[in-house]
Amino acid sequence: RFKQMVNTAGKLVTELNKIEGLKISALKNGTNIYDLSLASHIDSKELSTILYKEHDILIRSSDNGHVRLAVNESLLSRDFQEIVDAWQVAVKTIHK
């Protein structure tokens with residue numbers, strides 16, 4: 001299951017990196033932890049609030065626009081496209 005989660009996480013990162021303002025990169029020696037850099041117009045606190053309250057996705061906010069993104073096996077229990085759509089909606093909401 002862990003290998004399946006790592007493969008799915010890689011695909012998710014690829015899709016999330018297509019969203020303007022997000023840049024996700026793997027940490028050296030990190031199998032399920034990523035560095036999430038946000039463009040200056042995306043407030044991490046607002047993003048984390050929207051993702052959690054509206055989509056049940058938990059990320060920790062940061063004051064400097066850099067967030068550690070951890071992916072766990074619960075990723076396998078969610079619809080992949082639903083997760084991508086949630087991020088797209090959250091980022092678009094912040095752009096308004």
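I began with the strands: three of them form an open sheet in the order 1-2-3, with antiparallel pairing. Strands here are DSSP runs of E with at least two residues, helices are runs of H or I with at least four, and both are numbered from the N terminus. Two strands pair if DSSP finds at least two bridges between them. Strand 1 (22-26) and strand 3 (66-70) are the edges; each has a single partner strand, so one side of each has no neighbour in the sheet. On average, neighbouring strands are turned by 30° against each other, direction ignored; the axes are lines fitted to C-alpha atoms, and angles run from 0 to 180 degrees between N-to-C directions.

**Ground rules I noted.** This is a predicted model, in which local features need pLDDT of at least 70 and side-chain atom pairs count only at pLDDT 80 or more, while totals for chains, interfaces and linings use all residues. Residues are numbered from 1 along each chain as its sequence is written, and side-chain values use heavy atoms, with hydrogens and water left out.

**Pairings.** I found five bridges joining strand 1 to strand 2 (residues 33-38), with alanine 26 partnered by tyrosine 34. Five bridges also join strand 2 to strand 3, again antiparallel; there, serine 37 has histidine 66 as its bridge partner.

**Positive phi.** Most residues other than glycine have a negative phi. Asparagine 29, with a positive phi of about 65°, sits in the turn of the hairpin of strands 1 and 2, which has six residues between the strands. Aspartate 56 has a positive phi of about 55° and lies in the loop between helix 2 and strand 3.

**Serine 48.** Is serine 48 buried or exposed? I have serine 48 down as buried, at 11% relative accessibility. This residue belongs to helix 2 (residues 44-55), and a polar atom of its side chain lies 3.0 Å from the backbone oxygen of lysine 45.

**The largest pocket.** Its lining has 19 residues, and Ile57, Leu58, Ala70, Asn72 and Ser74 lie nearest the centre. Helix 1 (2-16), strand 3 and helix 3 (80-95) each supply at least two lining residues, with the largest share, four residues, from strand 3. A pocket is an open set of points on a 1 Å grid over the protein atoms alone, where a 1.4 Å probe fits and protein lies on both sides within 12 Å along at least five of seven lines; lining residues have an atom within 4 Å of a point.

Technical notes. Buried < 20%, exposed > 50% of the residue type's maximum accessible area, 1.4 Å probe, protein only. Polar contact = N/O pair within 3.5 Å; in protein donor to acceptor, adjacent residues only side chain to side chain.
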